[in-house]
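Dear colleague,

Please find below the sequence and structure that I am handing over to you. My notes on what was found follow directly after.

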Amino acid sequence: MGSKITFRHNMMAIKSIETFISIRGGFNNGLRDVYFVRGIGEPLNLTELINDIDKKMGMEMANNRLKYIRINSLPKIMDENDSSYYSNIYDQWKKGEPFTLKSIPINSSLEGVLCEAYKSVIERYVESKATVTDSMIRNFATKIMYWLDVATRDSLSGWSERGCVKVIADNIIKEQEYLFFYFLTLLGCDVLLIENKSDVTVSDSLKNLSIALPLGKFGNASLGVYEPYVPQKANGKQLKEKKSSEDIHNQQNRITIPKRPDRHNTTAPNSNVQRSVVNSSQIIVPQSQNQEKTFEELAMLASSIVLIEIHDQEGDIIGTGSGIMIGRGGYILTNNHVAAGGCFFTVRVEDDEEDYATDEIIKYNSNTDLAVIRIRKQLNPLPIYRGSKKLVRGQKVVAIGSPLGLFNSVSDGIISGFRNIDDVDMIQFTAPISHGSSGGAVLNMQGEVIGISTAGFDSGQNINLAIGYESILLFASGFLN
């Protein structure tokens, strides 16, 4: 059996269907984040929204980024042979014997997780009943495995603890069906139930397994029969989705094109550049080739670093952190451990008397400890280093953050090493930081973000760590401008 995995439900607030689709639960040190959401009621454009999601998820599947399934209804067991087969699985499980499914290969990683999930959902079912008989338990356990094997076979084939599986189902009313979708979350799936006609009819304790997402008043919109979206074909070949900036960055990291003296270097559209005109021709010079800035000039960039106050459910401040403006549309990069610690946040911007409250966590990854939050304000983002030259030990850096709530403190130091901690590449640097600096910027002398402060060692002097620009580009490429 595979190693034991603990599933942590609904760590982030889900404020829309789009947020559910875009969020990716992390996996780190045996802990996996999953989401179980009930969308209550319907927005005006529900049918169109779901159709668009089907297409988007089809593209994501075509590019092997995730697996997606939308379930209109769960099938009934009509064949006696099927009933006998899946009942026998329950008997084998009770004896502690291994079992197989007809459609889903059970690899060593899935075996232990599946057995634990099966046990947990059966226990939930028993706990929900004032009285329960062995035949009732057996009937429920049989249905669960039948639905798993028939309804989700394509999505769970090739299962991995790090894989992303999104499941959407509509108008799930009955208790056993509801518990089946909870069962899927214990296998690492993120599940959204669209309850646009009426809510589930289960006990409050079972309802609390999922988080309610108000979508509007109850209505009668039909989501239609799900048909997996297949990208259009041309010349007999399946079209690939247009490359995202994240794909481009990945490709740039894999391929190095030698410079040629008779050609001007060009940059991607999102790169930060300076333009000058020489002999009536435009030359694009990457900002990473600019001259070094003075410390005074670098300190002026502190206006693009924010202070984040973390609030609990009562509105009390329970901590502070820092964040980096990365997108003009209000996007701020911070650490996941900053964003995960609160129910909402107050963001303070230098030389701005207004406080910006938000609970929008657009994206997060607990493994790389990165998160993006959003405020309703136009921002002046900092450029992210694009790796024109390799970072080296001894390279001068400047750190900007808000340690202990001291707004935008600036310190200087050097890169002292490079570490790999829990499979995440880190930059070790000497610029002093303290608690509250998490999420602050580590800059090179050209004023580009080469890392985001994430940790320091209290027992060591000036031993601090930052997540490097490569991880930032991969994680946040869609928000940079």
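I begin with N171, which counts as buried at 18% relative accessibility; buried means under 20% relative accessible area, exposed over 50%, and partly exposed in between, with a 1.4 Å probe and protein chains only. Please note that this is a predicted model, in which local features need pLDDT of at least 70 and side-chain atom pairs count only at pLDDT 80 or more, while totals for chains, interfaces and linings use all residues. Residues are numbered from 1 along each chain as its sequence is written, and side-chain values use heavy atoms, with hydrogens and water left out.

N171 is found in the loop between strand 6 (165-170) and helix 7 (175-185); helices (H or I, at least four residues) and strands (E, at least two) are DSSP runs, numbered from the N terminus. Although N171 is not a glycine, its phi is positive, at about 55 degrees. Most residues other than glycine have a negative phi. D351 is likewise not a glycine and has a positive phi of about 60 degrees. D351 sits in the loop between strand 16 (344-348) and strand 17 (355-358), and it counts as exposed, at 78% relative accessibility.

An open sheet of five strands has the order 5-6-7-4-8, with parallel pairing; two strands pair if DSSP finds at least two bridges between them. Strand 5 (67-71) and strand 8 (211-214) stand at the edges with a single partner strand each, so one side of each has no neighbour in the sheet. From one strand to the next, the twist averages 20 degrees; axes are lines fitted to C-alpha atoms, for helices over the stretch in contact, and angles run from 0 to 180 degrees between N-to-C directions. Strand 4 (residues 36-40) pairs with strand 8 in the parallel sense over four bridges, and A212 in strand 8 is the bridge partner of R38. Helix 7 lies across strand 4, strand 5, strand 6 and strand 7 (189-195), and runs at about 155 degrees to strand 7; contact means heavy atoms within 4.5 Å.

An open sheet of three strands has the order 1-3-2 and mixed pairing. Its edges are strand 1 (6-9) and strand 2 (27-28), each with a single partner strand, so one side of each is left without a neighbour in the sheet. Strand 1 and strand 3 (residues 31-34) pair in the parallel sense over four bridges, with H9 opposite V34 in strand 3.

**Strand 19 and its partners**

How is strand 19 (residues 370-374) placed relative to the rest of the structure? Four of its five residues are buried, so strand 19 is largely enclosed by the rest of the structure. Strand 15 (residues 331-334) pairs with strand 19 in the antiparallel sense over four bridges, and Y331 stands opposite R374. Strand 18 (residues 361-365) also pairs with strand 19 in the antiparallel sense over four bridges, and here Y364 stands opposite A371. Strand 18 and strand 19 form a hairpin with four residues between them, and D369 in the turn has a positive phi of about 60 degrees.

**K56**

K56 belongs to helix 2 (residues 46-62) and is partly exposed, with a relative accessible area of 45%. The C-alpha atoms of K56 and Y229 are separated by 8.4 Å, although these residues are 173 residues apart along the chain.

With kind regards
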